[in-house]
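Subject: Structure handover and what was found in it

Dear colleague,

I am passing on the structure we spoke about, and my notes follow below it. Please read them alongside the coordinates.

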Amino acid sequence: MNVKRLINGAAGALLACGLMGCEAGGEDQASERTLFETQIPEDFTFATTKGLTVTAEGDPAGIAQTLAEIRIGDGELVHRGPLLAPVQLAIPLSVESLQVTLRSNTHESVVDVPVVHGRAVIEMD
Amino acid sequence: MTMKRLIQTSCIALLGLLTLPTLALAQDSDNDGIADNADTFPCDPSRASVSYFPTATGAAMLAYEDQWPGDTDLDYNDVVALVHYRLERNASGDVVMLHASFDPVALGGIYSNGLALQLPTSKVGVTARRRIAGGAWSPVAMQAADSNVVMVLSQNLRELYGDLAGKINSDPNSAIVNGSRLELEVTFATPAALASNEAPFDPFIFRTGDFSHQIHFPQYAGTQAMNGALFNSNQDASTPSRRFVHLSGTPAALNLLGGSYYPIEGVAVSALFPDITGFASSGGANNQNFYATNVVPASGHSVASKLSATVPPAMATPDTACTQATGLQTGVSNYSDVIPANGDYGIQEVRFQSATVSGNTARIHWPLVFLQNASFTGGGTPTNGHWHGLHSGCGNVNGVATCRAVCSSLDATYSAVNTNCSTNYPTVGFSNVTGRNLYMTNSGGNPSGPWNTYTPNPATGNGNNMEFCECTGTFNTGGSTGGGTTGGGTPTGPLSPGVADYGVTVAANGTHGIQEVRYQSVVQTSGQTTIYWPLVFLQNASFTGGGTPTNGHWHGLHSGCGNINGVATCTSVCTSLNMSYVAVNSNCSTNYPTTGFSNVTGRNLYMSNSSGNPSGVWNTYTPNPATGNGNNMEWCRCQ
């Protein structure tokens with residue numbers, strides 16, 4: 001149990017320092033208050049990921065013969081396989097596009113696919 | 001976020017990627033509808049793709065405050081763990097297996113806490129197991145009170161630190177302790193449409209000894225066992241849409257994704273990650289990478305130094321040559337037979353120079369092991385994804401431990417290992433051994449977990465190699481018998497809706513000797529699977545009464561017009577497919593439809609009832625399931 005937290009507000013924190021010593025917490029007290037004093041929107045959950053559905057559109061026979069490798073950020077793999085069915089992924093909030101490598105028996109293509117409103121659509125003609 | 005991206009069309013046209021001649025010629029070895037070149041698992045009809053959270057080689061840092069609903073010091077180090085998921089999917093995109101790893105980083109709280117995981121899918125047909133530090137797997141039960149998958153992964157996370165008491169890795173003046181990796185494997189007998197965009201799903205902590213005192217991420221409400229009286233008590237300010245939050249609006253759990261630091265004891269998270277305040281005040285619109293920008297390392301601990309393994313477990317290299325697994329049989333194999341193993345100590349498969357199988361004892365001469373997800377120690381840089389030889393130490397404790405690991409991986413128990421200081425491996429057929437010559441050290445009579453290198457090459461040098469390892473158990477002796485003309489053959493698919501006319505072979509788990517199941521047709525509705533006219537391939541089964549039924553054959557089933565024996569028989573079938581009994585036909589049915597009804601060389605059997613459960617012993621009802629009045633099993637329904 002952190003006794004310091006039971007004493008709220010700046011005056012309480014100063015009193016706590018006086019009673020218990022500030023040790024490594026001297027700096028963090030200010031930061032702690034900073035977060036405590038932040039106006040946090042109602043219902044905000046601090047989620048750091050967002051849901052994504054990746055869909056391929058086109059001839060199903062062609063899609064079933066195409067390997068997709070989906071990467072984010074610095075090329076980190078998040079999915080490998082066909083896209084015959086939509087693929088659901090959870091990705092960091094800041095990711096705005098996917099790097100998708102598509103491979104058939106005879107062709108390979110790398111495309112940058114934007115993420116818009118939780119969806120990324122790859123059209124294969 | 002770039003405006004260019006926002007106004008760009010989300011559809012990317014890939015003209016000319018595919019050509020009709022390519023479509024016509026593509027090979028699909030496992031007949032799952034996905035061409036081999038597009039199939040991550042080209043030889044496995046139950047799998048086609050793999051997804052990861054957060055990435056294939058990365059892990060997300062989960063951080064909890066365990067005082068909730070009490071006050072918070074916002075240092076989020078009471079439980080800190082890295083989580084990594086791998087989801088293996090079938091051709092339809094449904095999940096057939098979830099593999100999860102949890103690497104403990106810190107236990108900075110006063111309390112002892114357990115770890116559990118809830119998945120947004122029904123628990124019907126779901127089984128799970130866990131292991132610690134690459135050791136033996138043990139089953140994980142589904143929580144009875146919940147309809148969804150809810151699993152307790154650890155009653156007390158201190159078990160990952162050798163039951164160490166006190167605060168762990170939170171005080172910068174205390175010694176660093178490296179915990180052990182906890183792995184979880186969840187198998188979905190009926191592939192699940194798991195909402196994987198919700199990963200990491202609902203991993204939550206609870207007070208050890210009090211499962212009702214749970215602490216979840218704010219999006220979740222707790223399981224059926226949750227003590228709802230904790231909400232809005234003390235310092236909690238939960239609402240129906242946001243729970244487990246302090247009066248200040250700060251959550252009791254944070255997903256710090258790729259963060260490399262976590263707060264030291266008593267230091268608020270905002271001192272380490274100053275940008276979190278901007279993230280919070282903007283409702284997540286700004287500073288979305290707060291855990292990686294403007295970090296103040298002096299206010300935190302490095303994550304990397306607290307880990308016993310720095311990369312998530314790798315997936316076993318999928319078979320791309322479609323090698324047919326065979327059974328363990330007496331005779332010379334020259335390493336050509338591949339015995340599937342259960343993954344204990346990372347052993348995925350076993351090969352051998354020769355074997356002698358007598359009753360329940362198998363002496364495996366010159367065994368080789370294929371390792372994945374194994375851990376290693378010492379020098380020699382052995383790696384996963386290779387076949388390795390084994391060192392038996394002239395029969396010393398390490399040799400015994402090594403053989404124990406082999407036996408465990410074959411669901412058997414150790415019996416003996418060679419005690420002579422042996423020669424090198426025979427090299428006839430000895431190809432593909434790209435690994436080292438390894439041994440397992442002994443820990444209290446059991447294998448310790450990580451592998452050690454004895455010599456670089458099992459075919460050269462004096463490796464005191466494993467001339468034989470002898471195990472006792474119930475072995476799959478299929479081989480050419482089980483996999484050939486009289487047996488079930490290689491499983492060709494999962495239970496799929498539609499008419500199969502006995503042309504699909506489904507792998508079973510061996511319950512009451514049922515190794516495989518075939519069927520005339522299958523209907524799936526509302527999570528229930530009705531198997532019409534099921535056949536079973538038996539090995540290691542027990543029989544009673546007349547009719548001389550035998551193992552190694554396909555048998556029909558008798559449902560007794562729905563009597564207690566018919567129920568018991570259907571229960572055995574469901575259990576063998578990792579499902580639960582629902583119902584069996586109650587009419588006195590006709591004979592089996594015979595379209596495609598070949599290779600049924602066995603009898604028409606039933607399982608007698610014992611106090612409401614299958615007795616475990618098969619009885620013959622009629623000699624032939626295709627003729628005579630067998631009151632046959634028209635259908636068996638499982639879920």
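I begin with a detail of chain B, where the bridge partner of Val584(B) in strand 38 is Cys636(B). That pair belongs to the pairing of strand 35 with strand 38 (residues 635-638) of chain B, which run antiparallel and are joined by three bridges. Please keep in mind throughout that this is a predicted model.

The two strands are part of an open sheet of five strands in chain B, whose order is 27-30-31-38-35 and whose pairing is antiparallel. Strand 27 (498-499) and strand 35 (581-584) of chain B stand at the edges with a single partner strand each, so one side of each is left without a neighbour in the sheet. Helix 7 (residues 564-576) of chain B lies across strand 31 (528-532), strand 35 and strand 38 of chain B, and its direction makes an angle of about 135 degrees with strand 35 of chain B.

Chain B also holds an open sheet of six strands, in the order 17-18-21-22-24-25, and here the pairing is mixed. Its edges are strand 17 (339-340) and strand 25 (446-455) of chain B, each of which has a single partner strand, so one side of each is left without a neighbour in the sheet. Strand 17 of chain B is joined by two bridges to strand 18 (residues 347-351) of chain B, and the two run antiparallel; within strand 18 of chain B, Val350(B) is the residue that stands opposite Ile339(B). Helix 5 (residues 397-409) of chain B lies across strand 18, strand 21 (368-371), strand 22 (386-390), strand 24 (437-443) and strand 25 of chain B, running at about 100 degrees to strand 24 of chain B.

Turning to the interface, the contact draws 79 residues from chain B and 71 residues from chain A. The area buried between chain B and chain A is about 6400 Å², with carbon and sulfur atoms giving 60% of that area. By class, the side of chain B that touches chain A has 39 nonpolar, 35 polar and five charged residues.

Strand pairing also crosses between the chains: strand 3 (residues 76-81) of chain A and strand 2 of chain B run antiparallel and are joined by two bridges. Arg80(A) has Val50(B), in strand 2 of chain B, as its bridge partner.

Finally, some backbone details deserve a look. Phe53(B) and Pro54(B) are joined by a cis peptide bond with omega of about -10 degrees, and Pro54(B) lies in the loop between strand 2 and strand 3 (60-64) of chain B. The peptide bond from Trp68(B) to Pro69(B) is also cis, with omega near 5 degrees; Pro69(B) is placed in the loop between strand 3 and strand 4 (79-89) of chain B. In chain A, Phe46(A) has phi near 65 degrees, a positive value in a residue other than glycine, and lies in the loop between helix 3 (25-37) and strand 1 (49-58) of chain A.

Technical notes: Residues numbered from 1 in each chain as written. Chains lettered and ligands numbered in written order. Predicted model: local features only at pLDDT ≥ 70, side-chain atom pairs only at ≥ 80, totals over all residues. Heavy atoms only, no water. Contact = heavy atoms within 4.5 Å. Buried area = accessible area lost by both parts, 1.4 Å probe. Nonpolar A, V, L, I, M, F, W, Y, C, P; charged D, E, K, R; others polar. Pairing = 2+ DSSP bridges. Helix = DSSP H or I, 4+ residues; strand = E, 2+ residues; numbered from the N terminus. Axes fitted to C-alpha atoms, helices over the stretch in contact; angles between N-to-C directions.
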